[in-house]
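Here are my notes on the model, point by point. They cover the charged pairs and then the core.

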Amino acid sequence: MLARMSLDAVDAYARTVKDILTAALGEHQTEIGGYFSPSGGFRYMVRIKSVTTELENLRQALIRRSPANMVMQRMDLIRGLLCDILL
C-alpha cells in the first residue's frame, strides 16, 4: 500500500481526518468552553493543531520519499492524536 501512496491519497486521508475532528468537536462542544490546557489554550485546539502539523509532516515525508516505516510512524501518531480527541 505504501508503495502506491500518493499525495492525492494523503489529501483524501487529510479530508477524512478533518471530518473525524469535526465530528469529535461536535460531540464535545459543551466541554470546550470550560477547560483550558496548562499552556493557556483550549485543550482540543492544541490537539487539533498537532494533528494539522502531523498531516503536513506526512505530506512532506511522501514528498521526500521517506522510508515506509517513517510514513507509518506519522500515520500512527495521527491515529493516536485522534483517539485522544475522541476519548
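Which residue forms a salt bridge with Asp-76, and how far apart are the closest N and O atoms?

1. The partner is Arg-79, with the closest N and O atoms 2.6 Å apart. A salt bridge here is a side-chain nitrogen of Lys or Arg within 4 Å of a carboxyl oxygen of Asp or Glu. Both residues sit in helix H4, 3 residues apart, about one turn of the helix. Helices are DSSP runs (H or I, at least four residues), numbered from the N terminus.

2. A basis for the values: this is a predicted model, where local features need pLDDT of at least 70 and side-chain atom pairs count only at pLDDT 80 or more, while totals for chains, interfaces and linings use all residues. Side-chain values use heavy atoms, without hydrogens and water, and residues are numbered from 1 along each chain as its sequence is written.

3. The whole structure holds 4 salt bridges. One of them pairs Glu-54 with Arg-74, at 3.0 Å between the closest N and O atoms. This pair links distant parts of the chain: Glu-54 is in helix H3, Arg-74 in helix H4, 20 residues apart. Glu-54 is buried at 12% relative accessible area; Arg-74 is partly exposed at 26%. Buried means under 20%, exposed over 50%, partly exposed in between (1.4 Å probe, protein chains only).

4. The largest nonpolar core has 18 residues.

Conventions. Core = buried A, V, L, I, M, F, W, Y, C linked by side-chain atoms within 4.5 Å. Helix = DSSP H or I, 4+ residues; strand = E, 2+ residues; numbered from the N terminus.
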